[in-house]
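Please walk through this structure with me.

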Amino acid sequence: MRQRDRSLFANAASLLICGVLAGVVVAAAAFPAIAMGGLAAKAGADTFGELPTELNVPTPPQITYVYASDGKRLLAMFYDENRHDIPLSEVPQVMRDAIIAAEDQRFYDHNGVDLQGIIRAWLANQQTDSSQGASTLTMQYVRQAITYSATSPAEVIAATEKTNARKLREARLAIALETVLTKDQILENYLNIAAFGHGAYGIYAASQVYFNKEPKDLKLEEAALLASLPKAPSEFDPVTEKGRPQALLRRTYVLEQMVELGMVAAADAEVAQKAELKVTGVRTPNGCVSTTVAHWGFFCDYFYRWWIGQKEFGRDEAERENKLKSGGYRIVTTLDVKIQASAKKNVEKELKTGKSDALMLAAIEPGTGRIKAMAANRNYGLDTTKNGISTDPAKSKKRIRGTYPTTTNPIISGGGDISGYKAGSAFKIFTMLTALERGYPLDFTIHAKSPYKSPVYIVGTEDISVCPDKVHWCPSNANPSYMNGPRNMWGGFGRSVNTYFVPLQEKVGADNVIAMSKRLGIQYRNSEDIKFTSPDRAKGFGPFTIGVTDTVPLELANAYATLAADGKYCEPMPVVDIFNIKGEKIPEITKPRCKQVVKAEVARAAIDAARCPIYDTGGLGKCTGGTTGYYFTGGSAAQSVAHPVFGKTGTSDFNWTANLAISTKQLAIATTLANPDFAQTKHDAEAPRRANRAAVQTMREAMKGLPKIQFIKPPNSLVFGKRVGIPNVECKSVAEARLRISDAGFDVSVEDKKIDSKCPAGTVAKTDPSGSTSKGGSVTIYVSNGKNPGGPPPTPAPGG
């Protein structure tokens, strides 16, 4: 008789005999305490034949593995059940034999239901007080499969409760299953679905949890122990003091059965029995609080938040989280191990973990939005029992702990309770971009004064920037002697001249500047920022240009990355590749999500001026000063990076925050030093130096060995704009000069300090600029003091 004929015959016989015995033997073996008469009356041969034969074979929950950008360094794991399916070919024969010896010694002989086993168990139960079962591996697998395919709590209960109906249904489905799956397939499925205790599901997880090795490396004594566990995973847990003796006793039984079945030699079993078992019992790390490298937690957290925000993974956040923790994905992230290590090192060098102040750094790739690093002088974790008392005075009085050194707050990327930190002058970039977009060229001149009386009304007379009239806003410059005077965008941005950018914003509209910031990815989260940046309030929000609103390092870095990418904004992206449980790539979700938000020529013009604060001497070479040079030994920020670079510092009043955003064509970095617990914490002059050094040194190390890619120069139309001649008013009266220059379409200002000149005292010595300048620009009149340097006394002015 052929094998297939024998199989069909055996299946038919099994069905017939099971039908006859269904009312008596099956339940008696499985549930000896149940009255036999009632069961026999309910389940005869006809009833058994009518039971369902199709089994929904689900894929049980699988662990998701998340890797760094090299695809090799494991970053984190996510799971609800620690399970990773493997093919039977990766399970050694000793493990297969051990599980058969422990759970179903006639596995390869029966057809899903072991009739001999049923009769043997029934007889044993009649003779002793024991309660032997007769479930085969196939029936056990069927039970697990039904449980995992359940769609409601009631179905889960029905799949596991000790009833006659459940046992008979398992037997019927087991017989049917063996007609469609091979024995090896069933064994593979069982080994992958079974619970092994201590949070391990499936043989791969069990091997890792108990012995910190892959199944293929298991020894006989280890395999025998693992095979002992599915019978009672919690009761036999070898990690616990109570469970270990029972696990070892069960292991002895398994080894004895393996010898009796001829699977191993008695001598080998004896050696295994005496071998010392080193059970690690370390549960597999789960989630972002258990990243393989501790300081990767903040990046991991951003990835997690990104994932649950993607509609492709489910209808709501709960469904998306479930997919992450049960879908068995292999995810390659954008985290660059080297840049991350450099960032963490440089942050810690400037400000050690444990300080209440936070030094935070984000690095992102222009043109893709791929996040390369997120580092801070904080531990990412849940254990805050050792945290210091909050520096917020209100919380400090109540002895509430702060967020240092350990927190799970998204302090680098924002969200939740984190709205960000004052941006300072780093936000002047948005005013410059808006002006360039509206036709104001780089050489557009404004005479900067300190203080400058703005038409903006101010609320509260205690503000340090209130004008003497106690009504208007009068911003000033931090260093008037260095910043005041005629300034264009190169000088205004390079020297960070507040009173250049405030009137420039007035010309283009604060609402348009705010809209520009949003186009480049800046989000406003706290109620005050939302109110003042809303359409009905934005037009009058004069202080916006000097960075009085909040931002976070990741968004600030990405705004500057947008310029490096010629005006192409890309959403921050934490993933490169996602593979599903079948190993199939899911390409659409990981593609860079980019759009052109600023014309390339506008971005290039802004970059040319933004090279000035960093002391980069490339581009058009029009820079007249910077703001970062004195923070470094051995040269400027640009010299340290040794690549074409642009950027901007930004500090708030009293140095509450200190920021630096810098970018090359290949990488953008932003650092922020602030106190997340109390935003009004004052810092000394060293704070901006710390933030700057951390950013520049990280950029230097990241760019080492990479090609030096030059920025493209802007077109002349955005450099000089439409040139208009300035009337020659030398030696004219100030009143006449003011009128003629104003009639030519320029803003006119008169410098208070008089200068040496050949012209008579009180007349115009010169204008700055002279000859011609951009249409609508500012022209400054300098008045003569009557002292002719190196020449005869000037001719007296008429009437003088």
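Start with a group of rings: F78, F303, Y304, W307, F313 and Y329 form one aromatic cluster. Keep in mind that the model is predicted. Across the structure there are 19 aromatic pairs.

Take F427 and F544 from among the aromatic pairs. Their ring centres are 5.5 Å apart. Their planes meet at 45°, so the pair counts as tilted; stacked would need planes under 30 degrees apart, and edge-to-face over 60. The pair links distant parts of the chain, 117 residues apart. F427 sits in the loop between β10 (421-422) and α18 (428-437). F544 sits in the loop between α24 (535-538) and β13 (550-551). Both F427 and F544 are buried.

Now turn to Y560 and F646. Here the ring centres lie 6.1 Å apart and the planes make 20°, so this pair is stacked. Y560 belongs to helix α25 (residues 553-564). F646 belongs to strand β17 (residues 646-651). The pair therefore ties together parts that are 86 residues apart in sequence. Y560 is buried, and F646 is buried too.

Rings also meet charges. The charged end of R495 sits over the ring of Y482, 4.4 Å from the ring centre. K648 lies over the face of F493, with 5.8 Å to the ring centre.

Next, look at R250. This arginine lies in helix α12 (residues 243-260). Is R250 buried or exposed? Its relative accessible area is 12%. The cut-off for buried is under 20%, so R250 is buried. Which residues does R250 touch, leaving out those up to four places away in sequence? They are A102, E103, S228, K231 and F236.

Finish with a sheet. Strands of a sheet pair through backbone hydrogen bonds, either parallel or antiparallel. β21 and β24 (residues 778-783) pair in the parallel sense, over four bridges. Look for S749: its bridge partner in β24 is T780.

Technical notes. Residues are numbered from 1 along each chain as its sequence is written. This is a predicted model: local features need pLDDT of at least 70, side-chain atom pairs count only at pLDDT 80 or more; totals for chains, interfaces and linings use all residues. Side-chain values use heavy atoms; hydrogens and water are left out. Helices (H or I, at least four residues) and strands (E, at least two) are DSSP runs, numbered from the N terminus. Buried means under 20% relative accessible area, exposed over 50%, partly exposed in between (1.4 Å probe, protein chains only). Contact means heavy atoms within 4.5 Å. Rings of Phe, Tyr and Trp (its six-membered ring) pair if their centres lie within 6.5 Å; planes under 30 degrees apart count as stacked, over 60 as edge-to-face and the rest as tilted. A charge sits over a ring if NZ of Lys or CZ of Arg is within 6 Å of the ring centre and within 35 degrees of the ring normal. Two strands pair if DSSP finds at least two bridges between them.
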